[in-house]
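Hi everyone, thanks for making time. I'd like to walk you through one model today, so let me put it on the screen.

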2 protein chains.
Amino acid sequence: MLAFAMRDLTHVFAAAQAGDVTAKGRLLSVIERGGAQANAASEFAAQHAGSAYTIGVTGAPGAGKSTLTSALIGQIRRLGDEVAVLAIDPSSPFSGGAILGDRIRMQDHANDGGVFIRSMATRGHAGGLSLATPAAIRVLDAIGYRWILVETVGVGQVEVEIAGNADSTIVVVNPGWGDIVQASKAGLMEVADIFCINKADRPGVAETLRDLRQMLALSPGPPDPTAHWRPPIISTVGHTGEGVAQLWDAAMAHREFGTSTGTLDRRRRERISNELREIIARRLEQRARELITGAQWAELTGQALTGQISPVAAAEAILAPVLRSLPPSPMP
Amino acid sequence: MLAFAMRDLTHVFAAAQAGDVTAKGRLLSVIERGGAQANAASEFAAQHAGSAYTIGVTGAPGAGKSTLTSALIGQIRRLGDEVAVLAIDPSSPFSGGAILGDRIRMQDHANDGGVFIRSMATRGHAGGLSLATPAAIRVLDAIGYRWILVETVGVGQVEVEIAGNADSTIVVVNPGWGDIVQASKAGLMEVADIFCINKADRPGVAETLRDLRQMLALSPGPPDPTAHWRPPIISTVGHTGEGVAQLWDAAMAHREFGTSTGTLDRRRRERISNELREIIARRLEQRARELITGAQWAELTGQALTGQISPVAAAEAILAPVLRSLPPSPMP
């Protein structure tokens with residue numbers, strides 16, 4: 001139902017750009033499924049993308065990311081801009097569909113035509129989240145959204161990597177020491193451009209602020225030492241909107257910093273580089289699998305299963321003819 | 001400090017098999033770092049592995065996985081067996097080290113020489129969790145552990161996949177509807193061999209049981225339709241140990257089922273197959289990156305950044321000479 005012929009792509013994009021919600025949904029479903037059509041859509045989108053600014057909102061389940069995202073939507077709408085939200089978070093009510101629909105605050109925006117919300121499943125799908133997410137952002141950018149909020153659960157290898165790939169990443173924690181320890185163990189300290197202590201109406205904010213500062217002092221410093229951005233720490237109460245304006249200002253300050261110092265361009269280049277590597281890896285893997293017949297694959301996995309060979313040795317056996325056929329490596 | 005020469009491998013394995021905790025730790029650190037030494041260790045381990053049974057414990061942060069894992073450790077110890085625990089869960093006190101050390105119940109086992117606990121970071125490292133985890137399990141198997149408990153956070157693409165790769169997977173939920181919805185969205189319904197409603201001293205157990213049964217009835221059924229395992233639902237109170245014996249019995253019933261029906265062998269074969277694919281993908285990706293010089297890569301990412309070409313087209317440009325050099329694909 002959702003598929004479309006390649007020649008329809010221009011029309012679907014035009015409809016989406018004109019505001020057709022069904023067309024937007026179709027494009028994102030195509031991206032989510034992966035394969036040739038997703039590549040074509042991503043290809044088409046690449047020609048029209050490049051104007052959007054992405055803000056990531058990440059943190060542990062229950063930290064209040066969705067409520068904050070909802071508040072940021074309101075902030076952007078008050079500026080008169082439209083906004084798209086990509087929810088990559090199984091705990092997000094955004095991705096809850098009808099099940100949680102009537103229970104949640106963010107339905108504030110459900111009838112606002114200037115807000116487009118889309119969830120992407122954490123569960124495995126062709127190409128994986130690490131390929132689908134940048135392609136989905138590119139499509140939302142190409143159909144005209146200047147602001148894209150990406151809500152990502154701050155747990156999981158792929159998810160934390162995606163969270164760190166936004167133009168500005170907000171890491172949400174709650175008052176209480178355990179939450180910061182968990183965020184740190186999940187690798188969130190390294191991806192934070194802005195820290196948000198949400199639910200700041202609860203006790204322990206001062207201690208959390210102190211602990212967070214200590215943790216930051218212990219961290220290895222910015223990935224790019226020429227850029228001296230110090231992540232600010234903003235206290236918010238998502239459900240009352242307290243502090244949300246300051247959070248937005250911090251995001252805009254980080255944006256200004258990124259633009260004026262060139263760190264934004266460097267970060268986007270790194271992101272494209274990661275995406276390229278991911279596409280190449282998937283493509284070559286597929287090609288390598290085609291190179292061995294089902295029987296050979298079954299025999300090698302059987303041998304690896306019984307310990308006759310290790311998986312590494314089995315992989316070497318499969319790769320040997322492939323690698324021999326490649327042109328020689330250039331001198332370093 | 002942790003590295004060792006290849007020729008030492010036999011000695012380090014022998015020491016680890018004899019119970020030397022430092023040697024065990026060194027082997028797992030080598031696996032965690034990835035690369036040639038990790039491959040050698042995995043290779044060596046493959047010759048001595050194949051006797052361990054792995055039980056995965058997964059669920060959302062805060063579901064009580066660590067407390068249950070601790071209770072299962074006690075269960076195994078009462079049988080007189082030794083046990084290894086691999087914690088792949090940023091919310092796990094197991095992986096908290098000294099920071100949370102004095103606050104947690106599982107330090108019950110800290111001085112028990114028959115229990116070996118090791119955490120693996122969620123944050124990115126060479127090779128990634130999806131490669132390091134099976135290799136770590138193989139090493140623990142090879143050094144003599146018959147039981148390996150793998151505690152994984154049930155959020156995140158890679159983590160849920162790892163959770164589903166155990167011989168028996170226990171999915172832990174708590175009373176309350178939201179938790180089941182979240183588990184379902186994260187893809188945990190599909191990987192569960194056994195459901196555990198933990199914290200069953202809280203209200204809402206009957207409703208959760210009913211909701212879980214409804215959810216199971218809606219799910220697409222077992223991945224292998226010839227194997228009619230129906231995931232049992234066990235209620236537990238982790239901190240009192242209530243229901244833990246039943247949880248263990250359910251795991252053993254699933255083990256018996258897997259052994260007698262051949263589903264265990266099929267699952268292990270699938271696991272090896274996944275690992276092979278992952279190794280091949282990483283190796284080819286590395287090779288493809290060597291094939292282009294820094295300048296070419298920079299130019300292509302620059303073009304992709306400015307929208308002159310899409311990442312897919314850039315990947316095609318890099319892959320074209322590589323794919324041409326490969327032997328022709330066999331007939332399907």
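I'll talk about a sheet in chain A and then a helix pair in chain B.

A quick reminder before we start: this is a predicted model.

In chain A we have an open sheet of 7 strands, with parallel pairing and the order β3-β2-β4-β1-β5-β6-β7. β3, residues 115–119, and β7 are the edge strands, each pairing on one side only. From one strand to the next, the twist averages 20 degrees.

Two helices to point out here. Helix α6 of chain A, residues 129–142, packs on the sheet and touches β1, β2 and β4, and its direction makes about 170 degrees with that of β2(A). Helix α9 of chain A, residues 205–218, also packs on the sheet, touching β5, β6 and β7, at about 155 degrees to the direction of β6(A).

Now let's zoom in on β6(A), residues 194–197. What are its neighbours? On β5(A), the pairing is parallel over 4 bridges, and A:Val171 has A:Phe195 as its bridge partner. With β7(A), 3 bridges make the join, again parallel; here A:Cys196 stands opposite A:Ile234, and A:Ile197 is partnered with A:Ser235.

And the side chains? A:Ile194 and A:Cys196 point one way, A:Phe195 and A:Ile197 the other, and all are buried. In a regular strand, side chains alternate between the two faces of the sheet.

Over to chain B. Helices α4(B) and α11(B) pack at about 75 degrees with axes 10 Å apart, so they are roughly perpendicular to each other. B:Ala71, B:Leu72 and B:Gln75 meet B:Val244, B:Ala245 and B:Trp248 there: 5 nonpolar residues, 1 polar and no charged.

Technical notes. Residues are numbered from 1 along each chain as its sequence is written. Chains are lettered from A and ligands numbered from 1 in the order in which they are written. This is a predicted model: local features need pLDDT of at least 70, side-chain atom pairs count only at pLDDT 80 or more; totals for chains, interfaces and linings use all residues. A residue is buried if 20 or more other C-beta atoms lie within 10 Å of its own, exposed if 12 or fewer, and partly exposed in between; C-beta atoms are placed from the backbone. Two strands pair if DSSP finds at least two bridges between them. Axes are lines fitted to C-alpha atoms, for helices over the stretch in contact, and angles run from 0 to 180 degrees between N-to-C directions. Angles under 35 degrees count as roughly parallel, over 145 as roughly antiparallel, 65 to 115 as roughly perpendicular and the rest as oblique. Two residues are in contact if their C-beta atoms, placed from the backbone, lie within 7 Å. Ala, Val, Leu, Ile, Met, Phe, Trp, Tyr, Cys and Pro count as nonpolar, Asp, Glu, Lys and Arg as charged, and the others, Gly among them, as polar.
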